[in-house]
Amino acid sequence: MSGAWNVADVVGLRDETPTARTIRLRLPVPVRVLAGQHVDLRLTAPDGYQAVRSYSVSAGIPPDGLEITVEELPDGEVSPYLVRDLGVGDQVEVRGPVGGWFVWRPEDDSPVQLIGGGSGVVPLMAMVRAHQMASHSSPLRLLYSVRSPEAAVFRHELESLAQASGTFGLQWVYTRTAPDGQPVGRLDAETLGASVLDSGADPAIFVCGATGFVEAVAGWLVDLGHAPDRIKTERYGGLGGAS
Amino acid sequence: MGIVSSGFQGRRKRDLPGVPPGQYVTEDFPVLSAGPTPRIERDDWVFSLRTESGTGRHWDWNVFMSLPQEDVTADLHCVTSWSKLGTHWRGVPVDAVLNGVDTQAEFALFYSYGGYTTNLPLSDVLGGRAWLVHEFDGADLPPEHGGPVRLLVPHLYLWKSAKWVRGVELIPQDRPGFWESRGYHLHGDPWREERYG
Amino acid sequence: MSEWTGRPAERSAEDDYLDGNALAGPLSEVFAIDITAALGTCGTCGDRRAVAEAHLYVNAPAKILRCPSCGGVLLRLDERGGRVILDLSGFTQLTIEVR
């Protein structure tokens, strides 16, 4: 579904971390979500001022629902409202889901390597869920770089999936604080090489995070022998509040 | 106008006195750019002038700083609808750069590092209405706001105040710059809402 | 792709672009199929890659998509007053997969 703006109802809210919240939306039309897509949200203030922002979909809820997961930026114009103020029963305008590039399709039977930094895990979570939903037999790995265990979005769901699933493997990188006995430090080429699926398996790779993270990881992956056209990246931006 | 979210305010104040129609007032200073930010050291910076007859002049940093300097307080109006009031700048009036230049040209095309251009009538940059500024709020102008030197033409929409400015060509006939050739107004007066050409 | 505004102070100016991916919403108002997955050939340098991978500058009077290789302007998209003005002249070619 694409093209026009729809009025969506907020039908559920779930705090994921102290600063991230999942918002479940119900649209007035059927919705087909490809894992990795995003929606545009449009908010209108009482004086007519409008702001449009894009948020990755974290889950499709057939037939007419989806979830987005929003990280609050302290400086943000829209995210503090979505994370702090939005309530069940409120309405927002939604365009999408859209995007046909950074998506995982269930008909692709390649092994899948996901690499996320911070809230860049959100579109990757949609892929994990879709992969599990499709009961895919190909291996799926997620390497998730995050500040601390408390800052990890979807932490419990990911860990229980990794325990229960024979195909899904989860690897953490903690950059500031880690659970006891686990290392702390930024992701580097060596850790990446030891963690990700081998280039011989020719995995489909999806990387999402801040610009510096995405560019460093993509460069290391090419050095490890992964073909550039197997690596899809998405940067999430924090851009000056001009719009 | 869509679904109103009563708790959503955005960051703007609107319809204040002294603000052109359709503008919101912002307290921060949004960074607008249509391309990568060039990093130009002052030692490498040169400003060039070329007239319609092909004669030229050049100013390196030291010579530029020996020109008359003025402090300017101005309101900024961006075509993306934010305005920022009472900003403080320091720089060289464009009059000082054009002083004694022999020209019949009526228009100017300013060039920037990075390839940006914008066109202005000469009458809009002379008479104390435009400056080549190198300080903002008492500090060196940072690259994201156009440093080392940007054009400041506060009475027109801010896209006319070219960042990372490196030269000006005086031309007999108006020639659209980067945004002007892409549908934006040749002049750009915010009080007349000259947004689109 | 969380929030595309509200610039944290520590961000550097080099980060001021997004992926062309972010054009998917506005372009969906115009095209029946997703153009961001198309392969575009840059008219300046000939580089060929997905529209979604190019660099998008959104904090500007209109959205400007630039070639990651040479910086040339590929696309301009301007939404104003119920109209979309789309300038694709920076591409010599778009290859679109029809599913």
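Chain C of this predicted model contains one helix and eight strands. Along the sequence the elements run β-α-β-β-β-β-β-β-β. The chain has 99 residues, and 51% of them are buried. Consider the contacts in chain C between residues at least 6 apart in sequence: 48% of these join residues at least 24 apart.

Start with the sheet that holds S2(C). Three strands of chain C make an open sheet, ordered S3-S2-S8, with antiparallel pairing. Its edges are strand S3 (48–50) and strand S8 (91–95) of chain C, and each of these pairs on one side only. From one strand to the next, the twist averages 25°. Three bridges link strand S2 (residues 39–42) of chain C to S3(C), again in the antiparallel sense. In that pairing, C:Leu39 stands opposite C:Ala50 of S3(C).

S5(C) has partners in S4(C) and S6(C). Strand S4 (residues 55–57) of chain C runs antiparallel to S5(C), and three bridges join the two. Here C:Leu56 stands opposite C:Leu65. The link between S4(C) and S5(C) is a hairpin of five residues. With S6(C), S5(C) pairs antiparallel over four bridges. C:Leu65 turns up again, this time opposite C:Leu75 in S6(C). The hairpin between S5(C) and S6(C) has six residues between the strands, and C:Gly71 there takes a positive phi near 85°.

Strand S5 (residues 70–77) and strand S6 (residues 82–93) of chain B run antiparallel and are joined by seven bridges. Within the pair, B:Asp71 stands opposite B:Arg90 of S6(B). Four residues lie between S5(B) and S6(B), and B:Ser81 in the turn has a positive phi of about 90°.

Chain A brings in a further level, that of domains. Domain 1 covers 5–98 and domain 2 covers 112–235. The C-alpha centres of these two domains of chain A lie 24 Å apart. Contact between them involves 11 residues of domain 1 and 13 residues of domain 2. On the domain 1 side, strand S1 (5–17), strand S4 (50–61) and strand S5 (65–71) of chain A each supply at least two residues. S4(A) gives the largest share of that side, four residues. By class, the domain 1 side that touches domain 2 of chain A has four nonpolar, five polar and two charged residues.

How values were computed: Residues numbered from 1 in each chain as written. Chains lettered and ligands numbered in written order. Predicted model: local features only at pLDDT ≥ 70, side-chain atom pairs only at ≥ 80, totals over all residues. Buried ≥ 20, exposed ≤ 12 C-beta atoms within 10 Å, placed from the backbone. Contact = placed C-beta atoms within 7 Å. Domains from an automatic or database assignment. Nonpolar A, V, L, I, M, F, W, Y, C, P; charged D, E, K, R; others polar. Pairing = 2+ DSSP bridges. Axes fitted to C-alpha atoms, helices over the stretch in contact; angles between N-to-C directions.
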